[in-house]
Amino acid sequence: MSKAKILRDRMAERGLVHIMATHSPLSAILAEEAGFDGLWASGFELSALYGLPDMSLVSMTQHLDMLRAIAGRSTLPIVADIDTGYGNAINTLHAIKEYERAGASAVVIEDKTFPKVTSLAPGGRQELLRTEEFQGKIEAAVSARHDTDFLVIARTEALIAGLGEQEAIARARAYAEAGADMILIHSKKKDPSEIESFARAWKGDVPLTIVPNAYPELSASRIRALANIRMVIYGNYGIRACTSAMQDVFRRVIADGGVQNVHADIVPVEEVFRLQDMETAKLNESRFLR
């Protein structure tokens with residue numbers, strides 16, 4: 001059974017799947033151990049890892065390298081964040097084939113123009129493609145997949161761009177007609193009112209995906225009550241957690257004049273060895289090296 005089929009089955013069986021953002025094999029291992037249903041190969045997180053803004057500066061090659069590395073160290077399905085599809089419908093056609101080969105079980109494509117600006121940036125440029133042009137991208141993505149269980153998720157930024165619910169509904173309906181398996185509806189409001197309103201108004205045949213970064217109070221129980229949301233992606237929590245922890249430890253080391261205090265507050269190196277699977281490496285060394 002493919003991981004894409006596993007992801008579809010989990011949504012059908014559980015009603016709602018929880019997907020954690022990752023930017024490295026280590027973060028993927030930690031997410032799997034924590035019990036998530038899948039991984040979000042995040043463009044935002046990878047951009048942050050490189051110290052770059054999320055403005056289409058990280059290449060498809062860089063993102064694919066990360067995804068392959070994650071797929072090699074995790075058994076979970078991977079939902080790949082491929083921004084605008086790296087160009088027009090022809091570029092998207094190529095991208096889908098590459099991402100499926102690299103180990104993705106799903107992709108999310110957004111209806112912004114290239115290059116995109118991250119959705120939550122204050123004052124960021126949020127320009128959308130013509131609906132018909134984005135439909136072509138979705139049709140190209142669906143035609144390119146080898147595994148029919150591979151999910152093509154269409155993300156509309158209509159609410160982010162301030163175009164209102166009716167435009168978001170119209171675009172979502174058009175993308176579903178083009179063959180999208182799910183619709184990701186995004187909002188930057190500090191409360192979930194836009195998302196809840198959209199979910200109640202959505203009468204389409206395909207389920208919804210959300211990314212509750214700006215409105216964290218939307219809990220799993222509230223999401224389930226909306227009935228048509230099947231996937232929640234925690235889109236930037238991995239890199240934010242890493243940043244928070246490193247800022248704290250690094251500042252304490254400088255303030256304390258050494259590591260004598262923080263040493264006891266962070267995981268021992270033995271835990272890192274465990275995550276690296278050091279024991280297996282040692283066994284293989286003794287078995288195969290002569």
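Ser56 lies in the loop between helix H3 (43-49) and helix H4 (60-71), where helices are DSSP runs of H or I of at least four residues and strands are E runs of at least two, numbered from the N terminus. Its phi is near 60 degrees, a positive value in a residue other than glycine. The model is a predicted one, in which local features need pLDDT of at least 70 and side-chain atom pairs count only at pLDDT 80 or more, while totals for chains, interfaces and linings use all residues. Residues are numbered from 1 along each chain as its sequence is written, and side-chain values use heavy atoms, leaving out hydrogens and water.

Two other loops are worth a visit. Ala227, in the loop between helix H9 (220-225) and strand S8 (229-234), also has a positive phi, of about 75 degrees, although it is not a glycine. In the loop between strand S4 (106-110) and H6, Phe114 and Pro115 are joined by a cis peptide bond with omega of about -5 degrees.

Helix H7 comes next. In H7, the buried residues (under 20% relative accessible area, with exposed over 50% and partly exposed in between, for a 1.4 Å probe and protein chains only) are Ala168, Ile169, Arg171, Ala172, Ala174 and Tyr175. Their cover includes helix H6 (131-144), strand S5 (151-156), strand S6 (182-185) and H8, with contact meaning heavy atoms within 4.5 Å. Just after H7, Gly179 takes a positive phi of about 115 degrees.
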